[in-house]
Amino acid sequence: MLREMFSNESTGSFELTHVLRLSEALALLEKGGTDIVLLDMGLPDGHGLDTVRRAHAIAPEVPLIVLTGLDDEALAAQAMKEGAQDYLIKGEIENRALPRALRHSIERQRMQSETDLIRTHQMQFKDEFLSHVSHELRSPLTAIHQFVTILLDGLAGALAPEQRQYLEIALRNVKQLDSMINDLLDVTRAQSGKLIMEPQYTSASDAIVYVVNTLQGAAKAKGISLEADMEHGLPAVYADPTRIRQILVVLVDNAIKFTPTGGVVRVKARTCDDDPDLLVLEVADSGCGISPDLTERIFERLFQAPDLALAGRKGLGLGLYICKELVTLQGGRIWAKSAPKQGAVFSFTLPIFSLPKVIAPAVLQKGRGGRCITLVIAELGSRTGWLSDAVRAEYCHRVRELLQRCLHSDLDVLLPKMGAAGAAELFFMVVVTDSTGSEAILKRIRELFNGREETLQEGLTLSISCRSIEEIERRASESADIYLEKASAQIQAMMSGEISSRMAINGR
Amino acid sequence: MGGKKILIVDDDPDICQGMRVRLEYSGYATCFAADALSGVAAASKEEPDLIVLDLGLPAGDGFLLIERLKTHPTLGVIPIIVVSARDARANRERAIKAGATAYLQKPVDNAEFLAVIRQALVAFTSVSLPE
C-alpha cells in the first residue's frame, strides 16, 4: 500500500526498501545509506518503544517516523521522546501527506544535527578559550609569586615588620588567585569530561590532618577553633589523595568563611551506617547556616550565597560545584544539612578500599588445581636516602607501568599504590602461581628492569622478593565469599607486616 | 651544590630573572635561552649541569626540545626539570616519557623547586661516578 502512495512521486525521488523484521532493519541501518525509516512499532521481533530505542541507537542521525495504530497516539508521543521525528497513524495516511511528512522529517533532522554541531563547536571554543586564558594568567602570576617570595625570604635585604606584613598580604592574594585559576581549569575539564583522577589505596585521616594543619592559621586569624575528630582505625579508601585534600580545603575554607569569631569548625570521618562500603567525611561549622531550600542549589555552578556580608570577598562560585564533580567521579555522594543560624554540616562519601574485591579474580579462579598464591613485593629505594615528592611520584609511575607488564596472566593483580613506607615505595602483586612460577616472575621483572636502565638511573634501587601464601583450606561447605575473606586477610596481614617492617628500617 | 651551572629555557624574561635571583642566592650559576631552537645551542655552549625548561616555547614546543636534548650524543645525560604553566596531571607523563626528570607546575613552591634540583644533581653526580 505504501508503495502505491509513492507512485505519484516523480521517479527517483524516493527509493523504497521493505523489510519485515526489526533485526533486518537494524542490519540495514548499520550498513548505512538509509535517509529515513518508517518504523512499525508492532514488528514480530520488536517490542513497542524498545523498537524505537534500538533503531535510534544504531543510527541516531537517521530520522525515524513511527507507524502506529489508531488507539496508540499516547505511545507514539512517547516514541517521539525516544528520538522519533514524527508519527503516522495506520489507516489514516493520505497519499500526498506521506512524502511531505518524510521530507519534513529529513529536513528537521538535518537542522537538528546542524544545531548540535554548532553547540558542540561553541562548547569546544569556550573550553579552549578558558583553558588558554587560565594558562596565560599563570605566567604573570608566577612572576609576582617569585618576586614577592624573594622579598619575603630576605633575598633582597632585610624587611621592616610593616613591609613584611604587607608582602604577606600580597602573597595570600597571589595564592587565592592561583586557586581561582585552578578552579576555572577544573570546571572546564569537568564539563568536557576530562578531569583526571588517580585513585589509590589511601588514608582519609591523613588528608584530614593535612587540611586541618594547612588551614589552622586561617582559622586562628579569625578566632575560630578548627578540630579534627576521627574514629580510631578507620579503613583506607580507594580515591585520589590530592583530590580528597582539594575537596576538604574547599569545605573547611567555606566553613571558616561563614563562621563568626569564637565559633567551631570540626572535620570528622566515620564509617557509613547505611553502607559498609563507604566512608563518610564531614565538615561541621557553627556558622550562619544555609536555608533548607538552598542545600541542593549551593552545588550548582556559579551559585553564590545571597547574603555574603559575613563571608567577606566573593569567590567564583565554583568551589562546591567542583567538589560535587570530584566526589561523584570517585564513586561518592556529597550533600549539605543545615538550618539558618544553626551551622551547616557538609558530608561526602568515598568508597572504602576492598582488597577482596580487587583480588577476587585471582583467588577465585575456576579450575585452579593447587591453590598457590604468591605475593610479589617490589621496593623502590634511593641510594641517596632521600627523594623529593615530585621525583618519587614520577619513578613510582614508571615502575608501576613496568610491573604491570610483568603480570603473568589476566588474573594476576598489581594492587593500587599502598601509601608510602618511609623513604621507600612498595608495590604489591598478587599472583596465581607456585614457587617455580614465582621464580620465573622474579627473573622476568629483573630482566625487564635491567633492559631499561634509564628507568632507574637517578640513584634509585629496586629490590624484589616473593612470599607464597600458605595453602588456605577450603571446606566443601564453605562459600567462595568466606574463602576470599580468608585469603584477603592473609594477604593483608603480609602486606601490613611488610610496610611496618620497612617503616621501622626507615625510622619512621 | 656550589658552582653547578643551570640553564633556564623560558621565553618570559621576568620569570627568568626571578629564577636567576632564587638560584644564584642558593649558590648556582645560571645561563639562559628564550626559545626551543636556541635551547640546544645554549646547552652545547654552556655545558650546564642541569636544565630547567618551560613547555610553551617559541620556535618549537618544549617537548620537542626535551627530545632533541635527550637524543643528543653528549647533552643527553643532563637532567631536565620541566617548570610549566600547563597542568601537571595532563602533561607530566608525556614530559617524563620524553626524558624529563621532574615536572613542576607554575607557580612553583620555592622549597620544592630547590629540593628537586638538588635531588636531580645528586643523582646525576652519583651515576656519573665510576662504581
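Visitor: In what sense do strand β2 (residues 64-68) of chain A and β3(A) pair, and over how many bridges?
Guide: This is a predicted model, where local features need pLDDT of at least 70, side-chain atom pairs count only at 80 or more, and totals for chains, interfaces and linings use all residues. Residues are numbered from 1 along each chain as its sequence is written, with chains lettered from A and ligands numbered from 1 in the order written. Strands here are DSSP runs of E with at least two residues, and helices are runs of H or I with at least four, numbered from the N terminus. Pairing takes at least two DSSP bridges, and β2(A) joins β3(A) in the parallel sense over 4 bridges.

Visitor: Which residue in β3(A) stands opposite A:L67?
Guide: Take the parallel pair β2(A) and β3(A) again. Opposite A:L67 you'll find A:L88.

Visitor: Which strands are at the edges of this sheet?
Guide: The sheet is open, has 3 strands with parallel pairing, and its order is β1-β2-β3 in chain A. An edge strand pairs on one side only, and that picks out β1 (37-40) and β3 (86-89) of chain A.

Visitor: How many residues of strand β13 (residues 425-432) of chain A are buried?
Guide: Buried means 20 or more other C-beta atoms within 10 Å of a residue's own (12 or fewer is exposed, in between is partly exposed), with C-beta atoms placed from the backbone. A:E425, A:F427, A:M429 and A:V431 point one way, A:L426, A:F428, A:V430 and A:V432 the other, and all are buried. The strand is largely enclosed by the rest of the structure, because the buried count is 8 of the 8.

Visitor: Which residue of β13(A) is the bridge partner of A:L414?
Guide: Strand β12 (residues 413-414) of chain A runs antiparallel to β13(A), and 2 bridges join them. In β13(A), the partner of A:L414 is A:M429.

Visitor: What percentage of the residues in chain A is buried?
Guide: Zooming out, chain A has 14 helices and 14 strands. Of its 508 residues, the buried ones make up 29%.
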